[in-house]
Every structure is written in structure tokens, then in C-alpha cells.
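Thank you all for coming.

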Amino acid sequence: MSPFFAAIVLIVLITCGHFLGRRRAIQTANGSRRLLHSLPHYYGLYVTLWTGVPAVILMALWVPLQPYFLDSFLIASLGDKASGLNSDQLGLLLNDIRNVADGNISSRRNDPTIIAAANRLIEWRQLGYAGLLVITLGAAIAGLAIARKRISRTMRARNAVERVFNAVLFIASLIAILTTIGIVLSLLFETIRFFGKVPITEFLFNLSWSPQTAMRADQVASSGTFGAVSLFAGTLLITAIAMIVAVPVGLMSAIYLSEYAPRKIRDILKPALEILAGIPTVVYGFFAALTVAPAIRGWGESIGLDVASESALAAGLVMGIMIIPFVSSLSDDVINAVPQTLRDGSFALGATHSETVRQVIIPAAFPGIVGSVLLAVSRAIGETMIVVMAAGLAANLTINPLEAVTTVTVQIVTLLVGDQEFDSAKTLAAFALGLALFCVTLVLNIIALRTVRKYREKYD
Amino acid sequence: MTENSSRNLAIQLRKKRYAAERRFRLYGIISISIALGALCLLIGNMAAKGWSAFMQTYIILEVELPRDGLAPGGKIDIETLREANYVAYLRKSLRDNIPGVTSRRDRRSLYKLISSGATLDLQNRVLADTKLIGSKISIAAVASDDVDQFIKGNITAGSGGKISSKQAAWIKTLSDAGRIEKRFNTNLFSNGDSREPELAGIWGATIGSLLTMFVTVLLSFPLGVAAAIYLEEFARKNRWTDIIEVNINNLAAVPSIVFGLLGLAVFLSFFGLPRSAPLVGGIVLALMTLPTIIIASRAALSAVPPSIREAAIGMGASPMQVVLHHVLPLAFPGILTGTIIGAARALGETAPLLMIGMVAFIVDIPGSITDPATVLPVQIYLWADSPERAFVERTAAATLILLTFLILMNLIAVILRKKFERRW
Amino acid sequence: MNMENNRPETVKSVAGGMAIDTAVTGEKNLKMDGTEETTIKMSARNLDVFYGEKQALFGIDLDVPEQSVTALIGPSGCGKSTFLRCLNRMNDTIDGCRVDGDIRIDQSDIYDRALDVVELRARIGMVFQKPNPFPKSIYDNVAYGPKIHGLAQDKDELDEIVRSSLERAGLLKEVVDRLDSPGTGLSGGQQQRLCIARAIAVSPEVILMDEPCSALDPIATAHIEELIDELRENFTIVIVTHNMQQAARVSQQTAFFHLGILVECNATNEIFTSPSDERTQGYITGRYG
């Protein structure tokens, strides 16, 4: 017996429910479908929902909760053996018991108490699954019976079914909100814990970043400094390089494509640019680390410059290339939104094409272009893989693009990849950085989306 | 006279203006060339570095399978076959081919020519056909990554290098005897990850990607479409729906790594779901893809002209019937296109998966959505970080494969859009 | 079509009775003593226009007399706007548009390869159906043309051009104290006069007007019509209009287009009193359109 079995029985019941509901409805109407308020299959769906929804909810609650309860029962039953342990040891012990119960190899497979506990666990599991089966099936059958009884000729089955569908749609639309709330809460929660260990002033104003782990527990305070200034500066430097590449190239590409290129060429070039946008960032990162960084280094050496092998320039350049299609497609939309009448007005005065673009179209599209650039900046700040692979790891407060700098996202990755302890300031620092990243990009996005929206409304 | 000079002035001015026009146009052409040049450079670079990874060097060896070692007393026993000393047979064959290698050090460096994977191949071959025992068979032993790179010309022999000059001489002997062959690199497509570049493959990561995408699409497609239908067709326009809309647009622009932090804090720490599992990866990517799908679906739904809705309502259809019978089928190609594009983005996503531990070194092919797994882009990241020269070409090859998948997906999206595009 | 034409007329007769009278008398004067000395400013011969495969104009022959107003009338889609846009080569900006035939201004072919289209458009100004001021200040809107064509040596001269253009467009009094505010903030009629000021700031020889009043209310329309009548003294004007009363009020010559063919072209009072073609008669009496 397992949850899987319960699920299969439930599916069978649900299917039956549909047929029963349908048949019942046709019966109440003495076989004449036209007398029914709704089409027969709505009655079927009605019974299906009554059969399935409560049972599935019960099941969805039961299955993840059962292990927790079983664990606490186990601990209780272990009595003395468990009470003296700290949480890590207890976790190990429970793991061993579970492994023995599952028939896996365990280091303590010969310990009699563990074998006894494992047997108990197996027994309880069976009991639990039996309980699950009884409860879900009980709920399903009860639901089926109630729903079937309710069916009458005048019952508005369609309306009832549609109300449920509507509720489902509404809940689906809440997921996005829940995601945002989840992001904010989880980041905020861990960040507050971080600031309990490291003062917020240090995070915001200290110039040095060296998140070492403590060797001993009493060393925490002296273990490292968490001054994020150099990370923000590094992020800004790389973002600035990226924008210097992406904004002029992206904007001019958009202008060329929407104003100059003949239709046939545009139809080829636009999808080609979209390919650039579809390339995964990890590929850009590999490209930056493998090809661009050594090339820049070699070029620097040839003219006598000392270039770091993980220079900000390499990461920034490649990030700029990544952002080009982003800028160009957003600007393209914005430029196309400028009404043709303005172009005509300018041409009719004898302006050349470039005069029209520079003096009429760009000023008219300016708010929209600013919005797109802000969105691009936000994307550059949050970009991770390129900098993880091509930028440095050590914090370095500089504006020299030939040196290695590190960024907020790089530090989040280095702090969290590998062994994690949820209590150390090192791990929590990643969440504080994440919150800072989230806030900055959020503000940029809101301003950008607002500007673009207002701009669009102006010409709609 | 003055008229003439002002005329000349005007002509000069126009010349200037036309020069500015040409310059401006040139900037546009330069810009687009930079963008496309970067694209060609990137793909060309990957192709140039990666194509050689599709071939692998093999050393053809005649291996004797002695009856007394494999089936002592003439009895064929699986346990004995499993634990037999296959390495020794391979090594003996190598020594036979290169006479005069006597010192221990030389022997050891001779043995390094073949990969540890060759032993496994030999074992599998014997296990599959026990009749071979006692005979002498020809086997294509996978060459070690250094030999492979040397043959491909990526590294040179010599002091301090990965291949000593002695080894180079042996390779030449083998090569002259026609024992060195380049064959299609099946390991790359059928193996999981490995510390040995010549044995490392992308199959594990591909399955991981498939499982992750399965979870992602399974969650984000129905949820996204349902949310879009609600917002576009049923929700009244008020403050609340405004908030949802702004929220969705913002969520679409939140850095992906933040979703990874969410997954770490909520799904791993709070709900205790397994680390490194496609299940969690799929959920995180689903949340990340959701806004894209909602926005695309809403656009597709709102492109269906109101007259269709009015016609259906006029026939007495309920609002739900209007949507399910009329609007949704018409909007479906657009929704599907949006979903494919969203899924393609998720398939190439790396950063959030690093946060939830899908970056582990995993040799086994994952069997279910709760097994530890990695995905293609993360595999690229891992290989890109490896110091061995042979991993460079494999990283590039994996990139080419990933790009092929992505381009295929986008192509399908484009074809769908072209095929079902409707102008109202 | 009937709705469109009747409404302005009824309001007009209340709001601008004077304007109609002066327009009609002015036109008679020119007709009586101007016929012989009229010189031809622009002429089209055997003009065919194609949009892709579709032919929009068929063999148009038309002369535009200098310093007078030529009205182009006809039902929607008859090709009158297309013809107008040929006169300053605005059709160049439309993909797939092909123009065959001969259009001349002062005897020189405007589709000549050697001709500079930018210079041509400086000589032939245009005012559009919907007022389309640039999203700049009122001043910059008018100064834009003189600036790009280098018509002013210094700031003072530019100021003078802007002022006089606004003055001639009858807008100066209304906007003199807010030249720096955006042109898009003006009312529809003011915007259209701003566009006219913008066009005349380049001192063109010909002004093309594409239904300049169709987006305006009757009072603003009356203003523009008065303005057109004044501008006739210095400029050659070609105006496309849907409104036959307007054509009668402001023009000296009227050309009737139908299905891409120039059906009839004659002095305005001739056309409206005794049209020679029955299609013209049908149109002006409101039987179709």
C-alpha cells in the first residue's frame, strides 16, 4: 500500500463519479436532455469536482506531513537514546533508521535498537498509508454521494462548475503575487538575521569585503568584513562598460533596422539579432573567459598595458554584446510607436532621413528609449553567469576596467555554492546581497516600465 | 553676384547635410555589423573549438582473454568475471605493441596512454559474450584525454607537457602500426559526467534538463494560461488587478539569481525538498517562466477580436464557454509560441540552479525528478571550470548541442507563429 | 459623405458667412482678369502610380496655376491624396510605390535623377490631414525647417523668420507669450496653423494641403480657410478636400478625381455650376461618394 495506490483508486473513483453524475442527470430528466438546465457533462464534471477536490486536498496535506509526524513518533519511541543528542546527531540517527527501513545500506545496520526502530517505522508507514487510503477514499465517496444526491433537473450544474473554474483561474493569477511575496519575505527574513550578526553600517559603508568563515564559534565577529561598497562599485563598473557597448550599438541597430533597412534585409537581420538574445548566458560566460579575456590581455600586453586575466573589460564587453538585442528590440518597438505623421511632417519640410531621426524621432521617442535603457541596466546588474565565469572573485575598489573586480551576483554565487550553514554570516550575507540586488532592480524596473507605459499611452 | 554666392552656400550646406546622412547610415550599418559579427564570432568560436570533441581517439589493441584468469577451472562465474583483472590484459597488449618498455616509470607512463574507461568497455564486452573467453579479441580502447589532445594537435609533446617525448614516440609507433583511430565520440552522448574528459558525456545533463523542463512546463503552462485567462477575460479592471499586472511585469524583469535565492530559502530550507533535484529546479524555473507565459498568453488572448466574444455571447454561451470554446482555441498558437520561448529561456538558465545545488558533480543518469541531477547549461559551467585541455573542446561541443536545442525550439516557435498567424 | 458635408455647412453659414462671401468674390475677380496671365507652376503629364501590383492613378494630366488655390476633390480612395503626395515625392517613403510619367515644377522634372529631393521639398511645403506638430516647443517647431536648410545666419534672423511665419499663419497673437511651451499643447486648430507656419517658414513656392481641416471643428476650419485665402497671394496652393463647400469657398480651380482617373478639371465656379461630366455632377450633388 502506498500513496500511489491511493491515487490510482482515487482516479478510478473520479472517473466513475463523472459517469454517475451524467447518468443521474439524464435519469432525472427521464432521458430527455432538453429538460436539463445544463448539458449532461456539466453534471458529470460537478460530481467529479466534488469527488476529487476534497480528496486531493486531503492527500496533498497528508503525504508531506506524514514523515514529520512519524519522525516525532520515532524520537518519542527511542526515548533515552534520542534525548541526549543534538539536532545534527538526531538527524543522522533518523537517517540511519530510514535507510534501514528502506532496505538501503546503512553504517549502523547491525544495531538492534535501530533495527527495532526501523521495523516500527515500516509498520507505522503502512498504518499511515492505510489511513491515507481510508480518509481520501472516504472523502471521495462522501463527495460523490453528496453531489449525486444534489443533482436534479433544475440544478445549475454549469454555473457551479464554472464557479469552481473561475476560482481556479483566480488562484492561478495569485501565484505571481505569491512569488513576489515569497521573494521579499525570504530575502528580508535572512537579511534581518544577517544584520543581527553584522551591523548594517558595515554592510553599507565599509570598503572592505572579505567573507571568511570562522574557524571557531567564538570567532564569528572577527571572522571577516562585509562591506558591500566594493561589490556595488564592481557591479556598476561592469554595467557601465556593458551599457557603453550596448546602448549605442543597440540603438543604432534599431534605427537602421526600422528606418533604413529594406524590408527583405530587415526580415533576415531581425531574427539574427534575436538569436543573439536567445543564447544562454553561460555560453557568453564561456566565450568571455575562453576567448575575449585572453584576447584583451594579449592586446594589452602588446601595447605594454598590464591587464588582469579576469578584467572588468572582458566581462563588460561580452555583457554588452548580450544586452545589444535587448536594447535594440525595445528601442525598435519604441521607435515604431512614433506616429508616421511626424516622419511625414519632417520629410515634407525637406529634412533628410538622419535629420528626421535625430531631431524628430529620437526626441519624440526619448522617454521610451530611456525606459528601455533602464530595463537593460537592470538586466545587466542582475546578470550572473557572465561575471561568475569572467569576472574576478576578490573585491577590488577601482574604476580601472583593466583590473579584476567582483560583483554582487558573483559573490552571491560564491557564498552559496558549496557547503552551506544556514547560520553563518557568510551564507546570510548572500541573502542581504540578494535583497540589495532585488531592490535596485525593482526600482529600475518600476521606473522603466512606468516611463514606457506613459510613453505608449501618449501615442495610442 | 550675391544670389550666386548664396546659391553656392546652399549647395555647400546640402553637401554637408548629405555627408551627415551618409555618416549616420554608416553608423547604423556598423552597429548592426558589430552585433552580427559578435554573433558569428561566438558561434564560429564554439564550432571551431567544439567540433573536434565529436571525434575521439581510440587505440586498437588485440587483447588476449586467458581462460585461467577469467574462468578458473573452466567454470564461468559472473562474480569472477566482474572482479577479473582486465587492466592487466589491456596493459599486456600495450606492452606487446611497444617493445622495450621495462623500467617501472616508463611502464606507468605507457599505461597512461589508455583511459580507465577502456577497462570497463572490455569487461562489458566479456560479460555480454562469455564465449570470447580464451580467445584473442580486437578492442578499440579509449585513449586518455592527453593522447586524444596530442593527436588532435591541441597540445605538444615535450618536457613539462602532459605528453612526454617518450610517450610521443610510442604514440607514433602505434600510429605507424595503424593502431590509432579517430572514431565518433559516443561517450560524449551516452555517458554522464566524469572526472576523465574522454569519458565525460552530456547524457546525464540532458536527462536532467528534460526532467527539469518537464516539471517547469507542467507547472508554468497551465498556471500561466489560467492566470492570463483570468486577468484578460474575467477580472474586473480595478486596483487589485492593476497591482497583479504591475507585479507580473516586474517579476519578468527580476534577475534570475533572485529566483534561485527564493528556491533555496523556501523550497530547500523551509519545505525540506531534496537538494540538486530536478523537482526543485523545475519549480524555480517555472516561477521564473510564469510571467513570460502570462504576458505572451495575455497578448494572444487580447489579439482575438471582441466581435468573436460578442458573437458567442449572442448565442447564449456562458462566459466560460465563450473563453473555452472560442477565444482560447484562437489564441492557442500564440500561447504555445510564448510557452516555447519561455521554456527555451528556462532551458538555457544557469544561475538559479546553482543556488539550489544542481551544480554537483553527478556521474549517474538521474532516473526521477527527485534524484540528484544537473542540467546542460550547468554542465557547461562545470566543464568550463575544469583545468583539463580536453574539457575545453567538450564544453564547446556541449554548447553547440545546447544551442542546437534552443535554435530548434525557437524555430518551432517561429514556424508556429508563421503558420497560425492571423490578421484580424 | 452626406453627413460629413452637410454638418460643417450648416454651422458655417452661422459662424462664417463673411468668409464665404469674400472667398467667392475673390475667386470671381481672379477668374475674370487673371485667366490670360496665369502662369503654370506645376504640371503633371500622363502620370501613373502603382502600389505594388495595384494601380492607383491612371494617366493624370493636370496643371497647377501659380498663386492660386487648386482643389482636388473626389470620393475616398479616388487617388487625390496619392496625386498630392506625388507632387513633393512623399511617395518615395512608401515601400513598393512606383511613379511613372512626368511632373514638372517651373519646367524642371521633379522625378529627374539629378534632382535633389531635399531641395525639392524645401520648395514644396506640405500640411497634413491630422495636425502633426513635433514634440518640441512652438518656437522649435517653426525653427526646425529654417535650421536644417540653413536659412538664417544668426539667432536674430531665425527669430524673425519664426515670428513672421507665425504672424502669417495668424497664430502669433495667440502664442507670442508662450513660444517655449510644447506645440502639442495647442488646440487642434492652433496646431494645424502651427503646421502651416512651419511649412511657410522655409519659404516654399508651393504648399500642398492634404485635407487640412478634416480633423478640426467648424470654427477652426473657418480660420484655416481664411488663412488659405490670404496665403494665395504669395504661394501656390494645392488642397485635397472631402468637403465640396470648402473647395467652392477657397479654390479657383477644382479637379475631380474618380477611381484613379482625373475626370474633370476646370475653374471652380464652372465645375460647381455646370459640370461637363455626369460623374462630377453625381458627386457634387451628393448622389455618391
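This is a predicted model: local features need pLDDT of at least 70, side-chain atom pairs count only at pLDDT 80 or more; totals for chains, interfaces and linings use all residues.

Let me start where chain A meets chain B: across that interface there are 12 residue pairs in polar contact, both residues being at pLDDT 80 or more, where a polar contact is a pair of N or O atoms within 3.5 Å, and within protein one must be able to donate a hydrogen and the other to accept it, while residues adjacent in sequence count only if both atoms are side-chain atoms. On the side of chain A that touches chain B, the largest share, 18 residues, comes from helix α6 of chain A, residues 157–197. Helices here are DSSP runs of H or I of at least four residues, strands are runs of E of at least two, and both are numbered from the N terminus. The residues on that side of chain A divide into 52 nonpolar, 22 polar and five charged, with Ala, Val, Leu, Ile, Met, Phe, Trp, Tyr, Cys and Pro counted as nonpolar, Asp, Glu, Lys and Arg as charged, and the others, Gly among them, as polar.

Residues are numbered from 1 along each chain as its sequence is written, chains are lettered from A and ligands numbered from 1 in the order in which they are written, and side-chain values use heavy atoms, with hydrogens and water left out.

Staying with chains A and B, the contact takes 79 residues from chain A and 74 residues from chain B, contact meaning heavy atoms within 4.5 Å. Together the two chains bury about 6,600 Å², 76% of it on carbon and sulfur atoms; buried area is the accessible area, taken with a 1.4 Å probe, that two parts lose on being put together, summed over both. In chain A, the residues that lose the most area to chain B are A:Leu169, A:Phe286 and A:Phe287, together 9% of what that side buries.

How many salt bridges cross the interface of chain A and chain B? There is one, and it joins B:Arg17 to A:Glu355, whose closest N and O atoms are 2.8 Å apart. By salt bridge I mean a side-chain nitrogen of Lys or Arg within 4 Å of a carboxyl oxygen of Asp or Glu.

Turning to chains A and C, 18 residues of chain A are in contact with 23 residues of chain C, and the pair buries about 1,700 Å², with 64% of that on carbon and sulfur atoms. Here too the count is one salt bridge, formed by the side chains of C:Arg85 and A:Asp344 at 3.6 Å, N to O. The elements giving two or more residues to this side of chain A are α12 (340–348) and α13 (353–382) of chain A, and α12(A) gives the most, with seven residues.

Over all chains, a search of the whole structure finds 35 salt bridges. One that lies within chain A pairs the side chains of A:Lys270 and A:Asp332 at 2.5 Å, N to O; because A:Lys270 lies in helix α9 (residues 263–278) and A:Asp332 in helix α11 (residues 312–337) of chain A, the pair ties together parts that are 62 residues apart in sequence.

Now to the sheets. Chain C has an open sheet of six strands in the order β6-β7-β8-β3-β9-β10, with mixed pairing, and two strands are taken to pair if DSSP finds at least two bridges between them. Its edge strands, each pairing on one side only, are β6 (124–127) and β10 (261–267) of chain C. β6(C) pairs in the parallel sense with β7 of chain C, residues 206–210, over four bridges, and C:Gly125 stands opposite C:Ile207 in β7(C).

Chain C also has a hairpin, in which β1(C) and β2(C) have two residues between them and C:Gly52 in the turn has a positive phi of about 60°. These strands, residues 40–51 and 54–65, pair in the antiparallel sense over eight bridges, with C:Ala44 opposite C:Leu62 in β2(C).

Finally, chain B has an open sheet of three strands in the order β2-β1-β3, with antiparallel pairing. Five bridges join β1 of chain B, residues 55–64, to β3(B), and B:Met55 stands opposite B:Phe184 in β3(B).
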